[in-house]
Amino acid sequence: MVMSPVPRLVVAAPASGSGKTTVATGLMAAFAARGLAVSPHKVGPDYIDPGYHALATGRVGRNLDAYLCGPELIAPLFLHGARGCDLAVVEGVMGLYDGAAGQGELASTAHVAKLLRAPVVLVVDASSQSRSVAALVHGFASWDPEVRVGGVILNKVGSDRHEALLREALDASGVPVLGVLRRAPQVDTPSRHLGLVPVAERGSAAVEAVAAMAAQVAQGCDLEALAALARGAGELPGAAWDPAGALAGPGSRPGTPDRPVVAVAGGRAFTFSYAEHAELLAAAGAEVVTFDPLRDEELPEGTAGLVVGGGFPEVYAAELSANEPLRKAVAGLALSGAPVAAECAGLLYLCRELDGRPMCGVLDAGARMGERLTLGYRDAVAVGDSVLAAAGTRTRGHEFHRTVVEPGAGTAPAWGLTTPVRRVEGFVQQGVHASYLHTHWAAAPGAARRFVERCRTS
């Protein structure tokens, strides 16, 4: 058994909107500015925050989702991302004890903190309270004795007098104040219908925002005390996750010389992807090449398979539609029977049209912006055989969109969903697997192996 001494801490909050992203990203950037190799992580399925984490640290931001991947993979995936790092910062999700609906603590920040044996720093929005902050912090610190709340960072503090009142109230709580942050609009990041605007869309503005977060945190927080808290996390038993090891077993082809090219959509319109997907494709024997559907008029040379993940094609519908040569290339690849895996934004891109603008026309379906946000974890089963799964394969996924595809499923659906209501969704036709469901392949590495195998034979 391998023991890891990676210093680590979890940044949590009583509720969403308290400032977790600002504090976590600022801490990552501030520690990195001190010359530390910082490993960035995010609890839950969110794709956007890890982009800011990557900008702050210069390393890939990685997700830790106990619902999508199972509790048993949290520590191995953490250790995989933290290889060679001096310190790891894990940003939580929602409130500290908020998990998957109806599943108790599963996938909550508290659950992940316990799985990582990591201390928690509680970020409290103190803008509308003084002495009551002590009751709030005491409640969160004592609710679960297995969760170690090692300190509090007070956010949106209005004045020196306000700070003094808060500190006085917290003196008897037993939870040290490790930082005090004033209201600072320059660290705010713009939002739209699915949350923050991704880093890839903001350019220099995102760089400036992260720099402002780092400066605010470095000035207002006790970095030495926070680093000491992280070092106190102690050992974490177990081995790091490894993509090649995850693929070992029946059906694996170690040492296979042919490396089919798998094109993966990127750029501003398709920013949602888990790093482990590309790592698994490469470990399965693919040559992974990223392309930008907004700029590139051709698929990468020799493309044998295509992966189009999530993002915001609705924001860039006009530009995507204007790139007719690439749309025709994608349609031609799909028509040839080559494997195509599309999730959420990828599903929209393969439709006939999106908000009235022509898309690739691979699927006989139309897509448009809707009024209602669809959000939540899903349990799913593969309805039939596809390039990603054999019929009957069970998986867990996550939906997060404000668009509507009509019809919602083809004659051969991709998935049968069992929660929160039973329904079928998505499309399987020839080599195409298109669905709204986001999945994490670390929990189902066979999907990458199956996809690459199909690339070799199609």
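This is a predicted model: local features need pLDDT of at least 70, side-chain atom pairs count only at pLDDT 80 or more; totals for chains, interfaces and linings use all residues.
1. **Secondary structure.** Start with the elements. The protein chain has 15 helices and 24 strands.

2. **Overall form.** The radius of gyration of the protein chain is 23 Å. The globule rule gives 23 Å for 458 residues, so the chain is as compact as a globular protein of that length. Along the principal axes, the C-alpha atoms fill a box of roughly 70 × 50 × 45 Å.

3. **Inside and contacts.** Of the 458 residues, 58% count as buried. Residues 24 or more positions apart account for 75% of them.

4. **Surface.** The protein chain exposes about 17900 Å². Carbon and sulfur atoms supply 52% of that area.

5. **Charge.** Count the charged side chains: 39 are positive and 45 are negative. The centres of the two sets lie 3 Å apart.

6. Is Arg62 buried or exposed? Its relative accessible area is 9%. Buried means under 20%, so Arg62 is buried.

7. **Arg62: partners.** Which side chain does Arg62 join through a polar contact of 2.7 Å? The partner is the side chain of Glu279. Glu279 is also among the residues that Arg62 touches, leaving aside those up to four places away in sequence.

Terms used. Residues are numbered from 1 along each chain as its sequence is written. Side-chain values use heavy atoms; hydrogens and water are left out. Helices (H or I, at least four residues) and strands (E, at least two) are DSSP runs, numbered from the N terminus. The radius of gyration is taken over C-alpha atoms; the globule rule is 2.2 Å times the number of residues to the power 0.38. Buried means under 20% relative accessible area, exposed over 50%, partly exposed in between (1.4 Å probe, protein chains only). Contact means heavy atoms within 4.5 Å. Accessible areas come from the Shrake-Rupley method with a 1.4 Å probe; for residues, only the protein chains shown count as cover. Lys and Arg count as positive and Asp and Glu as negative; His and the chain ends are not counted. The place of a charge is taken as NZ of Lys, CZ of Arg, CG of Asp or CD of Glu. A polar contact is a pair of N or O atoms within 3.5 Å; within protein, one must be able to donate a hydrogen and the other to accept it, and residues adjacent in sequence count only if both atoms are side-chain atoms.
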